[in-house]
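Visitor: I have a model open and want to go through it with you. Can we start with charged pairs and then move on?
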Amino acid sequence: MDFISILSIFVLACFVGYYVVWSVTPALHTPLMSVTNAISSVIVVGALIASASAAVPGSKWLGLIAVALASVNIFGGFAVTQRMLSMYKKKERKDG
Amino acid sequence: MAEAVHSQPAWVLLAYLAAGVCFILALRGLSSPESSRRGNITGMIGMTIAVVTTLATHSLATLPEIIVAMVIGGGVGLIIARKIQMTAMPQLVAAFHSLVGMAAVLVGAAAYLNPEAFGIAVRVTPIASPSFVSIYPVSRIEMGLGVAIGAITFSGSVIAFLKLNGNMSGKPILLPLRHLINLGTLAAILLLIAYFTQDQSPWVFFTVMGLSFAIGFLLIIPIGGADMPVVISMLNSYSGWAAAAMGFTLHNSAMIITGALVGSSGAILSYIMCRAMNRSFISVVAGGFGAVSSGGDSAAIDRAYKRGSAEDAAFLMSQADQVIIVPGYGMAVSQAQHALKEMADKLKAEGVRVKYAIHPVAGRMPGHMNVLLAEANVPYDEVFELDDINSEFAQTDVAFVIGANDVTNPAAKSDKSSPIYGMPVLDVEKARTVLFVKRSMGGVGYAGVDNELFYRDNTMMLLSDAKKMVEEIVKNLG
């Protein structure tokens, strides 16, 4: 992929993000933060590439540490989001 | 032997694209609580696709070590996610942000040390000198920016964590000449990244990293506890831009899409928080708000106010047609949400309509109050946002303010000299009676201003710890 195609993906994704995030209900802003936290750990992809190459040991070890840190975030972020979302319930019966 | 990232097979590119789409759908799901759980699972699927694709396309020699790293990290993450108190969510989110920032820095450093593995360099063999690896100039900028933003996210989030967790005072720490120091450091970082394209020596790279760690620290220390909802959203945004910058380096669409999503998400949340405080983003980032908060205390204590007991409160509310509960950070601090739900249930049993009104900046992070009420099993259709409920206070018998202060201050509407003038507030004073739960008359809200509401004829102060007071009221409701 050349720089311009990548830039295009980026700019379009910013617009998608803008519209998607405005449609998030304010009641779910905390889960929004924890889930964006989890997904931004997709940076683990870079960490995995670094860890997979044993050519430079320093680079491999930095990669492995990054894999561990990102994993805390991925597992912790999705799990805590799921825990929060499972608490949002509707009224059981209509009173009124 | 390194694989060139720039010439990946089509299925790999499509897999990363699919992961990116899953992440978009994960956020889209949050438009309503019903669809949100499915959305979260879609997000997990996206992450699995991204990880498996990466592992499948790279050498598997180090796989055992990678798995060990993932199990350790994942285990720690799962334990934290299970154990964490809901009131501690702001700290947790700040801590998670710092990890994303650190991961970005480490990936950037790994890419700098081993650029061939990332396919961002060519081996140059000049005549009569040893060959060396030259990183593409564009990649150097992307890498430099990624590391800089990652480092700012890391050190900024660490400070935010310490402030939110109470390890560090929430009071702003103001250094002399801080604006000059901060702008100078930022300029130095940008200049060095530009210079990095000409000279890829380690000192340039590591100076950028070091200065960025420093600026993240310097940027957050002058910001007071009250502005934390903005700070935490801002750091959320930064962690996204860091991921996007690394995505540019790696030419990875999943990272770029995610980075853009998270970056805009944090930016929008910061905007919403700033608007809810009627402050400009610049003034929040410049910091110092709430620095002079101890001045007005003594004057405040002298004015006459009505003090009520739990018994009075229980009586007033049980006689009401409608009660609106206005929770704030104080409710979180004293963990009063469960007692509050019990009180609401008792009132409902007596035929009182109970609603909750949430100000966007109530608490220490966006949506903080909603999560706490959800934890206490309050149905989310009883919880309303500022704009949706504000007109109802005039037809309400009792407004029950618990742990909120500035977001109810009528001075924001009338007093032009007030530091919070212009901030949208909940019109609680329009209710027939305002019950205001507060620890003591001495303290002032985060903005350091006295609340005129305390001295109104229709206000009754309930001076006690929030949880104890609510429990007392519950007892009196029988």
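Guide: Start with Glu65(B) and Lys60(A), whose side chains meet in a salt bridge at 2.8 Å, N to O. A salt bridge here is a side-chain nitrogen of Lys or Arg within 4 Å of a carboxyl oxygen of Asp or Glu. Glu65(B) lies in helix 3 of chain B and Lys60(A) in helix 4 of chain A, so the pair joins two chains. Helices (H or I, at least four residues) and strands (E, at least two) are DSSP runs, numbered from the N terminus.

Visitor: Where does this model come from, and how are things numbered?
Guide: This is a predicted model, in which local features need pLDDT of at least 70, side-chain atom pairs count only at pLDDT 80 or more, and totals for chains, interfaces and linings use all residues. Residues are numbered from 1 along each chain as its sequence is written, chains are lettered from A and ligands numbered from 1 in the order in which they are written, and side-chain values use heavy atoms, with hydrogens and water left out.

Visitor: Is Lys60(A) buried or exposed?
Guide: Lys60(A) counts as buried, at 12% relative accessibility, while Glu65(B) is partly exposed at 27%. Buried means under 20% relative accessible area, exposed over 50%, and partly exposed in between (1.4 Å probe, protein chains only).

Visitor: How many salt bridges over all chains?
Guide: The count is 14. Another one pairs Asp465(B) with Arg439(B) at 3.3 Å, N to O. That pair links distant parts of the chain, 26 residues apart. Asp465(B) is buried at 18%, and Arg439(B) is exposed at 60%.

Visitor: Back to helix 3 of chain B. Which residues are buried there?
Guide: Ile66(B), Ala69(B), Met70(B), Gly73(B), Gly74(B), Gly77(B) and Ala81(B) are buried.

Visitor: What covers them?
Guide: The cover includes helix 3 (44-52) and helix 4 (57-85) of chain A, together with helix 2 (33-56) of chain B. Contact means heavy atoms within 4.5 Å.

Visitor: And which exposed residues are on the face turned away?
Guide: Pro64(B), Val71(B), Ile72(B), Ile79(B), Arg82(B) and Lys83(B).

Visitor: New topic. Where is Asp321(B)?
Guide: Asp321(B) sits in the loop between helix 12 (310-318) and strand 3 (322-327) of chain B, and counts as exposed at 52% relative accessibility. Beyond its neighbours within four places in sequence, Asp321(B) contacts Gly351(B), Val352(B), Arg353(B) and Asp397(B).
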